[in-house]
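The sequence and the structure follow.

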Amino acid sequence: MPAHPDHTAWPGQEGLERMTALPHVATLGTEDHASGEELLARLAPGRVFMMGDNPALPPMPARPTLADFFRLRLDPFTARHMLHSARRARDLGLDEPVVLACLLHDIAVGGLLRSHHGHWGAQLVAPYVSEEVAWAVRQHEVLRFFADPSVGYDYPDAYDAFFGPDYAPPAHVRDAYREVRAHRWYMSARLVTINDVYTFQDDDGVDFAEFEDVVGRHFRQPAEGLGFDGSPVAHMWRTMIWPNNFL
Ligand SMILES: [Fe+2]
Ligand SMILES: [Fe+2]
């Protein structure tokens, strides 16, 4: 559990050693897990748990935009993966909402949670995009496990390496797939998987600026900034701004 020596970041915690604690959802079942009891035992006079800005992360502006999250918070590898997916969708001449869905599809992996990343990602963006874009982000999570030869989508070779060649999705995922397959927006989610670039590329200068126009037309950026607009998901964006808050 790293302690950060910079004490300047948050009113009321100046001059104190600020400890970070990994969230239990990230550590349960792993060697990194520390129980609540173990964490509290680390408290001492002058040593507290971090609340607010972590000096190990770049500061966010007061009214953060989607671009700020891409540049200052999301894991760079994942951000680049989404930019490459969006670029591929745009190069294929697909509709701008599909390009946007590709740009957003793994946002939860990059900044929030891996498990059920399509669902978390869809919730994050739902107030700001069309219902169909949010649906496509949510359902790509299920569709990527199922081939559709009619549109040239095969089960990803990368998944053999990720999960093992004999991995098979569990029953609840197969059930969800049948519903998605029959949905009128099926192809919107399928296009996300088709453009999900599994050959992860190096940084070739791809930048969020390439998609500012698409985002400007199809993502309702709140004037107060993401995390501060009072929306039902504002807390999720603030969690990415301050991922190390103890509570
Ligand atoms: Fe994904
Ligand atoms: Fe992806």
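How much helix and how much strand does the chain have over residues 79-140, and how far apart are the end C-alpha atoms? In this predicted model, the chain over residues 79-140 is 74% helix and 0% strand. Residues 79-140 carry the UniProt annotation "domain: HD", which comes from an unreviewed entry.

On the scale of the whole chain, the division is into domain 1 (1-56) and domain 2 (66-240). The centres of domain 1 and domain 2, taken over C-alpha atoms, are separated by 31 Å.

| Helix pair | Axis separation | Crossing angle |
|---|---|---|
| α4 (residues 76-91) and α5 (residues 96-104) | within 7 Å | roughly 165° |
| α5 and α8 | within 9 Å | roughly 40° |
| α8 (residues 131-143) and α10 (residues 171-181) | 9 Å | about 125° |

**α4 with α5.** The axes of these helices cross at roughly 165°. Angles over 145 degrees count as roughly antiparallel, and α4 and α5 are therefore roughly antiparallel to each other. Their crossing is right-handed. On the α4 side the contact involves Met-82, Leu-83, Ser-85, Ala-86, Ala-89 and Arg-90, and these meet Val-98, Val-99, Cys-102, Leu-103 and Leu-104 of α5. By class, the residues of this contact are 9 nonpolar, 1 polar and 1 charged.

**α5 with α8.** Helix α5 also packs against α8, with the axes crossing at roughly 40°. The two helices are therefore oblique to each other, and α5 passes α8 in a right-handed crossing. Here Pro-97, Leu-100, Ala-101 and Leu-104 of α5 meet Glu-132, Val-133, Ala-136 and Val-137 of α8. This contact has 7 nonpolar residues, no polar ones and 1 charged. Leu-104 of α5 takes part in the contact with α4 and in the contact with α8.

**α8 with α10.** Which way do α8 and α10 cross, left-handed or right-handed? The crossing of α8 and α10 is left-handed. Gln-139, Val-142 and Leu-143 of α8 make the contact with Val-173, Ala-176, Tyr-177 and Val-180 of α10. The residues in the contact of α8 with α10 divide into 6 nonpolar, 1 polar and no charged. The angle between the axes is about 125°, and α8 and α10 are therefore oblique to each other.

Taken in order, α5 meets α4 through residues including Val-98 and Cys-102, and meets α8 through residues including Pro-97 and Ala-101. Helix α8 in turn meets α10 through Gln-139, Val-142 and Leu-143.

Notes:
Residues are numbered from 1 along each chain as its sequence is written. Chains are lettered from A and ligands numbered from 1 in the order in which they are written. This is a predicted model: local features need pLDDT of at least 70, side-chain atom pairs count only at pLDDT 80 or more; totals for chains, interfaces and linings use all residues. Axes are lines fitted to C-alpha atoms, for helices over the stretch in contact, and angles run from 0 to 180 degrees between N-to-C directions. Helices (H or I, at least four residues) and strands (E, at least two) are DSSP runs, numbered from the N terminus. Angles under 35 degrees count as roughly parallel, over 145 as roughly antiparallel, 65 to 115 as roughly perpendicular and the rest as oblique. A crossing is left-handed if the near helix is turned anticlockwise from the far one by less than a right angle, and right-handed if clockwise. Two residues are in contact if their C-beta atoms, placed from the backbone, lie within 7 Å. Ala, Val, Leu, Ile, Met, Phe, Trp, Tyr, Cys and Pro count as nonpolar, Asp, Glu, Lys and Arg as charged, and the others, Gly among them, as polar. Domain bounds come from an automatic or database domain assignment. UniProt positions are given in the numbering used here, feature names are shortened, and annotations may be inferred rather than shown by experiment.
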